[in-house]
Amino acid sequence: MKTLNDWLSHLETAHSAGLIDMGLSRVGEVKTAMNLNPQCPVIVVAGTNGKGSVCAFLTQIYKQAGFKVGTLTSPHLLTFNERIAVNAEPVSDETIVASFERIEAARGDISLTYFEFNTLAAVDIFMREQVDVMVLEVGLGGRLDAVNIFDADCAVVTSIDLDHQSFLGDTVEQVGYEKAGVFRSGKPAICGQNPPPESLRRHAENIGAELLLIKRDFDFSKLEQQQWSFHFHPQSGRLFSDGLKRNRNALPIPALRGAYQLNNAACALAVIECLNHKLPIDIGSIKRGLLLVSNPGRFQVLPGRPLVILDVGHNPHAARALRQGLMALPFAQKRTAVFSILADKDIDQVLDIVKDQFDEWYIAPLHLPRGMDTDSLNRKLAEHNIGNITCFNNIQTAFEAALAASSENDRITVFGSFHTVAEVMATL
C-alpha cells in the first residue's frame, strides 16, 4: 500500500510533469463521480495576500463557538497534512491516503494535478467528518482554480495585486476578474480592498452577487488600550432581511502580528455576520478566536532574543506589508535579512520596497526547479545598490550564521518565499 509520501511523489509528476494546469472540467467530472456536494455552508477565500490569515481567523472563531470546521489551505510549510485540517488540527496520513485512493478509483482515465487531488481530498474528508462549515482557500486566482468547483455560500477576495502574471494577467483589472470568479449569484461577496478593481465590481453586479466592500459595508477602527471595533452596515440589505447592522466594540487586537491583520480580521467578521443565520456566533467566541488564532510564517515574531521574524511574503503587496510591520517594531541595533526567492517572482519590486529595512543580507539559493541561484540573487541585490551581502549554500546555514552573528538587541527577518521560511522552521 502506498504511503502519503509515495502518493505525493507520484502526484508531483503524474499530470503534465507537475505543471499547473488551470481549468475546471477535469476536476469537476471527478467531483461529480464522487458525489462531493457539501451540505454545510462553504466559505471560499481568494486574494493576492491575506487568504491564509482570513482562513485562520474563520477557523479559530468557528471552532471557539463549538462548530466543527474543515479548512483547506496551501501551500504547506512543513508537512502536506497542514493543508487539510479539522478544527485547526492537520488530519492523519492514513485519512489522506484513504481519500486519495477513493479519488484514484473515481477518476478513471481523467488526469488530475497535485492541487486538484488536494482539493478533492479535502472536501471528501470534510464530508466524511461531517463538519459544520468548510473554509476553502483558493490556490491560484479563482475563476479556474480547483476550489471553484464548489459553490461558495459566502466568498471573500482579500486583496488584489500582481502575482502569478503568466496565469492571471499582468494588470490589476485582469487579476480582479480572475479572483471575482469565486463569487456566486445571490450570495455575499466580500472584498477587503476599496476601491476594488472595476472588473471585480462589474462581475459581482453582472451575476447578481451581493458585493460588500470594506469602508462602505463594513469597517474597523483602532481603539485605545490594545483594542479595536468592527462595524457592519451593509448598504443594500437585500440579503439581510433583518436589516442587520452591528457594532462589535472593544475587541482584542488579534494574535496575528502586523497592522494589516485588522483588515483580514474585519473580512473574517464580515463573513461571520453574513452567515450568522446559519452559524450563530457569540461575542465571547469572536474574542477567544482573535486571541488564539495562529498562522505560522505571517509576520511571525518568535519568542526570545535576538528578535526573529518569519514572513512568507513573496510579492510587492506582501513586501509593503512586511515593511510596514518592521517599521512598527522597536529599534534594532543591527537588522539582518535572511533572504531567498523563486525566480518567477518580482524580485526587483520586492527589493526596492524593503531594502531600507536591512543593514546586512544573508542569501542562499532555494534548491528547487523555480529557485533562484546564488549568482542571480547576488546580481539582483547589486543592481539595487545593496551591499553587505554574505552567500551561503542553503537557507538553514544562512540562518544559523545570522543567529551566531547577532546580539540580543539585533533583529533577523527571514523572508522571500514559503520555502525560505519552511527551511528555517525545519531547523527550529
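What you're looking at is a predicted model. The protein chain is assigned domain 1 (4-292) and domain 2 (300-426). Along the way there are cis peptide bonds at proline 75 and at proline 195, plus positive phi values at asparagine 35 and asparagine 385.

- Domain 1 puts 13 residues into the contact, and domain 2 puts in 18 residues.
- Interface size is often quoted as the accessible area that is lost when the parts come together.
- Here, domain 1 and domain 2 bury about 1,300 Å² between them, and carbon and sulfur atoms account for 60% of that area.
- What about salt bridges across the interface of domain 1 and domain 2? The rule finds zero of them.
- Polar contacts do turn up: two residue pairs across the interface of domain 1 and domain 2 are in polar contact, both at pLDDT 80 or more.

**Cis peptide bonds**

- As background, most peptide bonds are trans.
- Serine 74 and proline 75 are joined by a cis peptide bond, with omega at about -10°.
- To find proline 75, look in the loop that runs between strand E2 (69-72) and strand E3 (84-86).
- Asparagine 194 and proline 195 are also linked by a cis peptide bond, and omega there is about 0°.
- Proline 195 sits in the loop between strand E7 (188-191) and helix H8 (198-207).

**Asparagines with positive phi**

- Most residues other than glycine have a negative phi.
- Asparagine 35 isn't a glycine, yet its phi is positive, near 55°.
- You'll find asparagine 35 in the loop between helix H2 (25-34) and strand E1 (42-46).
- Is asparagine 35 buried or exposed? Asparagine 35 counts as exposed, because its relative accessibility is 52% and the cut-off for exposed is over 50%.
- Asparagine 385 has a positive phi too, about 55°, again without being a glycine.
- Asparagine 385 belongs to the loop between helix H13 (374-383) and strand E16 (389-391).
- With a relative accessibility of 72%, asparagine 385 counts as exposed as well.

Note on methods: Residues numbered from 1 in each chain as written. Predicted model: local features only at pLDDT ≥ 70, side-chain atom pairs only at ≥ 80, totals over all residues. Heavy atoms only, no water. Helix = DSSP H or I, 4+ residues; strand = E, 2+ residues; numbered from the N terminus. Buried < 20%, exposed > 50% of the residue type's maximum accessible area, 1.4 Å probe, protein only. Domains from an automatic or database assignment. Contact = heavy atoms within 4.5 Å. Buried area = accessible area lost by both parts, 1.4 Å probe. Salt bridge = Lys/Arg side-chain N within 4 Å of Asp/Glu carboxyl O. Polar contact = N/O pair within 3.5 Å; in protein donor to acceptor, adjacent residues only side chain to side chain.
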